[in-house]
Amino acid sequence: MSSVLVPPVIPGSDFAGVIVGAAPDAPFCKGDKVFGYCPNRWGRKRDLAAAQLSSEGAAYVDSIGGCLSEYMICPANMITRMPEELNFQEAASLVTSGMTCLDILELFPQQLNYNVVIIGASGGVGSILTQMCAARGYRVWCVTREENFQHCAKLGAHSVCDYTKQTWSKYFEPNLTLNEKPWVDAVIDCSPDGSGENWQLAKTCLVKSGTYCSLTWQDPDAAESGSAGMFAGWQSAYRNVLSSWYFKYVQMAPSKEKLDTLVAMHAGGHFKPILDTKYGFEDVHEAFKKLMSKHTTGKLVVSFEEGGFSTENPE
């Protein structure tokens with residue numbers, strides 16, 4: 001049974017800010033600078049006996065979370081203290097993208113010269129993942145647009161392909177084959193739409209038992225019908241059984257422990273935050289317009305103070 005939020009719905013999940021009040025048993029207190037994840041589906045379910053079901057059989061859930069507001073409520077196990085070396089914008093930009101990268105890297109060994117193709121390498125997840133993979137000693141092959149070549153090179157890319165001009169598997173083919181045998185260890189599809197085409201291209205260059213990792217549903221019809229979660233699980237099992245490669249769908253699971261890991265990795269120089277554009281709250285519609293363009297270089301950030309969020313505690 002799926003859940004439907006009851007309006008008004010406050011969007012947004014990644015945030016950084018200052019605590020103005022906390023439960024007596026919370027590990028935080030007023031004035032602490034924190035950042036974290038506020039699941040905007042976090043809330044109380046109405047009594048199912050009294051709940052009205054839609055034609056799709058969805059139980060309605062009250063919306064409590066959502067960080068596009070001046071004040072918000074968030075569970076303590078979804079936040080952590082903000083390190084001094086990060087400002088509010090940088091900290092907020094790390095949350096979902098950073099934790100997604102950690103979940104992705106759990107799939108792969110820490111092995112030098114491990115060959116990884118990252119599709120959508122200049123976006124929010126891709127920009128951090130490229131850095132983390134390079135820090136592990138991976139050989140990173142990035143797929144993006146030509147204007148992002150220099151950006152990806154600075155992040156540690158070994159080679160970059162413009163997918164608008166050439167099929168990425170063909171572009172890398174002279175480098176990704178050894179004695180006419182594929183030797184790509186992993187293909188990670190961070191593109192906002194995902195693509196069954198990318199899966200087909202990956203099979204032409206992945207080594208046997210190589211891994212294709214996707215962050216999005218591979219079937220638009222399944223996603224629109226509401227059966228995407230079930231379809232993704234079935235699809236992964238189907239492809240793993242009937243092919244010589246592993247197909248993995250990654251859906252980020254937030255936790256305070258992962259946030260703490262990101263803090264430690266940032267302090268260790270494994271990556272740095274990448275911001276595309278900073279918006280004031282009055283321009284939030286422009287931020288969503290930019291987001292829906294599906295062409296960003298790093299993350300978009302919305303601040304509540306004119307001229308950007310200051311690092312001083314608000315009164």
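The following is a conversation about a predicted model of one protein chain.

Biologist: How many helices and strands are there in the protein chain?

Modeller: The protein chain has 9 helices and 15 strands. Of its 315 residues, 45% are buried. The chain exposes about 16,500 Å², and 51% of that comes from carbon and sulfur atoms.

Biologist: Among contacts between residues at least 6 apart in sequence, what share joins residues at least 24 apart?

Modeller: The share is 67%.

Biologist: How do you know that the span of helix 8 agrees with its number of residues?

Modeller: Helix 8 covers residues 256-267, which is 12 residues. At 1.5 Å a residue the helix should span 16 Å, and its end C-alpha atoms are 17 Å apart, so the two agree.

Biologist: What makes you say that the buried residues of helix 8 line one face?

Modeller: The buried residues are K258, L259, L262, M265 and H266. Seen down the helix axis they fall within an arc of 120°, and therefore they line one face of helix 8. On the other side, E257, A264 and A267 are exposed.

Biologist: Which elements do the buried residues of helix 8 pack against?

Modeller: They pack against strand 3 (33-37), strand 5 (79-81), helix 1 (88-105) and helix 2 (124-135). Just after helix 8, G269 has a positive phi of about 80°.

Biologist: Which residues of the largest nonpolar core touch the most other members?

Modeller: That core has 44 residues, and those touching the most other members are I104, F108, I118, L129, M132, Y138 and I188. Two or more residues each come from strand 2 (14-18), strand 3, helix 1, strand 6 (115-119), helix 2, strand 7 (139-144), strand 11 (184-189) and helix 8. Helix 1 gives the most, with 10 residues. Apart from this core lies another, of 17 residues, including I119, W141, V143 and W199.

Biologist: Why might one expect nonpolar side chains to gather in this way?

Modeller: In soluble globular proteins, nonpolar side chains tend to be buried together.

Biologist: Which residues is I188 in contact with, leaving aside its neighbours within four places in sequence?

Modeller: I188 is in contact with I104, F108, V116, V117, I118, I119, L129 and C213.

Biologist: Why is C213 called buried?

Modeller: The cut-off for buried is under 20% relative accessible area. C213 is at 0%, so C213 counts as buried. C190 is at 12% and therefore also counts as buried.

Biologist: Where is C205 found, and what is its relative accessible area?

Modeller: C205 is in the loop between helix 5 (196-202) and strand 12 (206-214). Its relative accessible area is 4%, so C205 is buried. The C-alpha atoms of C205 and P182 are separated by 4.7 Å, although these residues are 23 residues apart along the chain.

Biologist: Where does H158 lie, and which residues is it in contact with?

Modeller: H158 lies in the loop between helix 3 (149-155) and strand 8 (159-162). Leaving aside its neighbours within four places in sequence, H158 is in contact with R139, V140 and W141. W141 is 17 residues from H158 along the chain, and their C-alpha atoms are separated by 5.6 Å.

Biologist: Why is N113 called partly exposed?

Modeller: Partly exposed lies between the 20% limit for buried and the 50% limit for exposed. N113 has a relative accessible area of 46%, so N113 is partly exposed. N113 lies in the loop between helix 1 and strand 6. Its phi is near 60°, a positive value in a residue other than glycine.

Biologist: What makes K294 partly exposed?

Modeller: K294 has a relative accessible area of 39%, so K294 is partly exposed. K294 lies in the loop between helix 9 (284-292) and strand 15 (299-303). The phi of K294 is near 65°, a positive value in a residue other than glycine.

Technical notes:
Residues numbered from 1 in each chain as written. Predicted model: local features only at pLDDT ≥ 70, side-chain atom pairs only at ≥ 80, totals over all residues. Heavy atoms only, no water. Helix = DSSP H or I, 4+ residues; strand = E, 2+ residues; numbered from the N terminus. Contact = heavy atoms within 4.5 Å. Expected span 1.5 Å × (residues − 1). Buried < 20%, exposed > 50% of the residue type's maximum accessible area, 1.4 Å probe, protein only. Arc of directions from axis to C-beta. Core = buried A, V, L, I, M, F, W, Y, C linked by side-chain atoms within 4.5 Å. Areas by Shrake-Rupley, 256 points an atom, 1.4 Å probe, with all protein chains shown as cover.
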